[in-house]
Every structure is written in structure tokens, then in C-alpha cells.
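Hello,

I am passing a structure over to you, and my notes on it follow below. Please have it open while you read.

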Amino acid sequence: YDSIAETGKPLDPEAFPYQFPQGHHVRDAGMINRKMEDLKVSAKFGSPLYVVTGEEYMLGGGPGGDREFSGFDDLTTSRFQAWCREQFKADLGALNAEWGSTFQSWDEVRGILIMDAVNKDQLPRWVSFRSFMRSHVWSQVFIDMSRAMKRVVPEVRTGKVGHDHHDFTRYKEHMSVSKLYIVPHLNIEWQQAIKAEVMQSFTDDNTFLLGSASNMKWSHNFQSEVANVRYPWKMLFMGLNGFDWEELLFAGFGGDSSYTPDFSEKLPFFENISREVLHIQKGIGKLTIAAKPVRSEVAMLWGINNHFISRL
């Protein structure tokens, strides 16, 4: 992606033969070139918006549990070694003193899994490794991808969705869209407003922030008319531009769960929420979304380094 971003030209499969298995996906030059051609086609239908990050799990915590499974190949290890040399000003003794390690040369430097770091009392080593992976590998992939897409379709808007283990402080100049997983619990405006606030602190005025209203489960927000009416206003006053409606076939609730089975009429909770959205769109919501947002000059962000700082 970085090569496309620099040149605007398709990749040479001979020069980029590497295949990176991602679950059942294979990323090679051919796949990337085809994706760019698809981009040109979709652009004919208007300025496209692409979510270039989704429910990915670099740090574990997803379907694979809490395993960490990235950053241990030879190429990434060599980049990590170079990054460590720069961070510690080529002083291997300083690295060993901070990490609690006994490396004799830079070629021995490796990343580490968190449980191994705990067992060896080397949490600072894990902190450095995860910080490198998160900010200089993981997030860089999506920055390069966004830049490449904009070389092909200049007006494209890109963004992320879902989980927050990106270093999205780096995305301000490259991404303009984000979907936040605002969990539909009681009092989300108290529990999760910080997520929306932090995202707004690190984005520019053209960013489109979307909340999610998953009805996969019969949550608090759907159980009474008062809760129905409040839900769109919560999204509005958290500074979001709107919210989507996740209708998934899910065993816990089932089916296309906003309408009667024959689609002839909306279910009451969906009717209430829809009516309130229409009301907001006619007045204050229209003004709010069109207004220039005020960005806080101070932002608090949970980061990898905080994981270490919290133990001091």
C-alpha cells in the first residue's frame, strides 16, 4: 500500500511476491491491485466512503481469546530491533536495564508475549514491543492503505470501525470516518461518552463519527418509550453525526427485528426511535451537525505506555 501511495501505480507482482495469510484472506500484489481497480468502479457512483479497518484483533481479545499473534516474524523483528536501537540511542545496556533483560547484541532483541513478560518480570519489554506494533506497524498499515486509496480516488473518505487498539492519534491527517461501538447499556452517556470525546479530540472537523445501535439483544434502550426517545438524543449530544442500525441474524433475538415478519409495519420501539430521529433532523440536530465542533485542547487516551505507568 505504501508503494501505491508513493507512486500511484499498481504493484509489480514480481517485486511483491509476499503472501500474508489473514485468516482465509491472502494479501499479495494481485489482491491489492484488484482492490484498487474495484475502487475506481465504485467511485463512479459518487464519493465513496470506505471502512479500511474493522473487527481485527492484533492484540488478542477477539475470537482467538487473549493470545497475541503478531510481530514475531523475521522482517518485523528486524524492524523492531532497529526501532529499539533508535529509542535507546544505540545503548544496549540502557535497554537491558529498563527491560530487565540480558541481551548481548541487538540481533538478540525480540518482542515478548505479555504472560511471558509477567513471568520474567519484563513488562517494560512488552510495553516497548506493543507500542512499536501498535503505532509503527499496525496503524501504519491503515495510514498507507488510506493514502494509496486516495491516490486512486482523491475524494475517497476512509475510516475505522469497532475496536480501539489502534493508535488513532496518528489518523487525523489520513482518516475522516469512524464508527464507535457505543455499547447499548444503561446510561451510555455516562459510561462511554469518554470514547466519543477522545475520538473527537484526535480528529479534524471533517470527520464523520457514527454511533452504533445494535439490536442484536433486547437492551435497555429498546424496553420503554422513554428509553426509545432518549437514544437518538444521547448520540447527538455525545457529538456523533448519527448512528447506524445493526440488524443481524442473531440467535439471542432473531431475524430482521425492527419490523413485523411481513415488513408491513415497524415494531413500536423502532417506530419511536425513527420518529425522534426525524424530529431531530428538522431542527437542532441539523444545526448541531452543521456547526463547527469545539475540540478540547486536552485529551486523555488509554495507551500501551499507560499499561506500564499504571504499575509504577
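A word on exposure to begin with: a residue is called buried under 20% relative accessible area, exposed over 50%, and partly exposed in between, using a 1.4 Å probe and protein chains only. Please keep in mind that this is a predicted model, in which local features need pLDDT of at least 70 and side-chain atom pairs count only at pLDDT 80 or more, while totals for chains, interfaces and linings use all residues. Residues are numbered from 1 along each chain as its sequence is written, and side-chain values use heavy atoms, with hydrogens and water left out.

Here is the overall picture. The protein chain comes to 12 helices and 7 strands; these are DSSP runs numbered from the N terminus, with helices being H or I of at least four residues and strands E of at least two. Of its 312 residues, 42% count as buried. Among contacts with a separation of 6 or more, 66% join residues 24 or more positions apart, where contact means heavy atoms within 4.5 Å.

Next, confidence. The average pLDDT (the predictor's confidence in each residue, from 0 to 100) is 79 for the protein chain, and 78% of the residues score at least 70. Residues 251-255 stay under 50, and the model has 7 contacts for them beyond four places in sequence. Where pLDDT is low, the predicted coordinates should not be read in detail.

Now to the helices. Helix H2 covers residues 29-43, which makes 15 residues, and its first and last C-alpha are 21 Å apart, close to the 21 Å expected at 1.5 Å a residue (the expected span is 1.5 Å times one less than the number of residues). The buried residues of H2 are Ala29, Met31, Ile32, Asn33, Met36, Leu39 and Ala43.

Thr76 counts as buried, at 13% relative accessibility, and touches Gly71, Phe132 and Met133, not counting residues up to four places away in sequence. Arg85 is partly exposed, with a relative accessible area of 39%. Its contacts, leaving aside neighbours within four places in sequence, are Ala90 and Trp106. From Arg85 to Val109 is 24 residues in sequence and 9.8 Å in space, C-alpha to C-alpha.

Two loop residues are worth a look. Lys89 sits in the loop between H3 and helix H4 (92-99) and has a phi near 55°, a positive value in a residue other than glycine. Is Lys89 buried or exposed? Lys89 counts as exposed, at 71% relative accessibility. Asp121, in the loop between helix H5 (114-119) and helix H6 (123-152), also has a positive phi, near 55°. Asp121 is exposed, with a relative accessible area of 64%.

The axes of helix H9 (residues 225-237) and helix H10 (residues 268-282) come within 8 Å and cross at roughly 40°; axes are lines fitted to C-alpha atoms, for helices over the stretch in contact, and angles run from 0 to 180 degrees between N-to-C directions. H9 and H10 are therefore oblique to each other, a term for angles that are not under 35 degrees (roughly parallel), over 145 (roughly antiparallel) or 65 to 115 (roughly perpendicular). Residues of H9 including Val229, Trp233 and Leu236 meet residues of H10 including Phe269, Ile273 and Ile280.

Best wishes
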